[in-house]
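Open your viewer and get ready to click along. We will begin with the whole chain and then step into a pocket.

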Amino acid sequence: MLNVEHIYKNYPKKKVIEDISFHVKKGEIIGLVGENGAGKSTLLNLLATTMKPDAGTIQLEGLSYDDALANIRQKVGYVPQEIAIWEDFTVEQNMRYFEKLSFVNRTKEACQQLCLDMQLTHWKERVSTLSGGMKRKLNLAISLLNDPVLLLLDEPTVGIDLKSKNEIGKFLVALAKEKNSTILYTSHDMDEITNYCDRVYAIGHDPFYTEYLAGKNVHVEKL
């Protein structure tokens, strides 16, 4: 479903992604762990098409990132770590605004249902009044408007309460199971990783994450 072969990405004076290859099947939830600066966010940006690798190939459902970029962008949902929503809009106005920019047309009711599916019920409330957890849920709901086959999440539950974390985690598991969506996300919360991920990739040079997760009987592979 997602094939990454020998990709490299360097910044000036810093090597970030070096010869990384992996394969992800349809319907899998993959955790991506590693120390700060290891390249997790860079890898998600490469998969989200917001960056290009310096070398190597990426394919999604048989489509090459080099040859079919427009088609691939219609298949990918991406949530960066920074919340990217309109604070002065209501939840409804945010959903309707981003629906207009989406590749898939949805009714107001369908947009609202996306929010309800993850326990986001504040449809008419201004975003600036919402908790961090509710904002994270809205950010995630927006990423699902185009019904992506690949969902990329960078620390989707950072800084929010345990209840919202659990609700988001359970929603992602249901999404992978019911829609056969492939999900790849970063997190420093090892409980999240062990509870919700089918497999885990460790990126970077620090062996802590590999050793820790192996001790929890979690299948983890070093990239």
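Here is a short tour, one selection at a time.

This is a predicted model, in which local features need pLDDT of at least 70 and side-chain atom pairs count only at pLDDT 80 or more, while totals for chains, interfaces and linings use all residues. Residues are numbered from 1 along each chain as its sequence is written, and side-chain values use heavy atoms, with hydrogens and water left out.

**Stop 1: the whole chain.** Show it as a cartoon and you can look for 8 helices and 10 strands; these are DSSP runs, numbered from the N terminus (helices: H or I, at least four residues; strands: E, at least two). Along the principal axes, the C-alpha atoms fill a box of roughly 45 × 40 × 35 Å.

Stop 2: Switch to a surface view. Of the 223 residues, 50% count as buried, meaning under 20% relative accessible area with a 1.4 Å probe, protein chains only.

**Stop 3: the largest pocket.** A pocket is an open set of points on a 1 Å grid over the protein atoms alone, where a 1.4 Å probe fits, with protein on both sides within 12 Å along at least five of seven lines; lining residues have an atom within 4 Å of a point. Which residues lie nearest its centre? Select Val 76, Gly 77, Tyr 78, Ile 142 and Ser 143, from a lining of 19 residues.

**Stop 4: the elements around the pocket.** Colour β6 (76-79), α3 (91-101) and α5 (132-143), each of which supplies at least two lining residues. β6 gives the most, with 4 residues.
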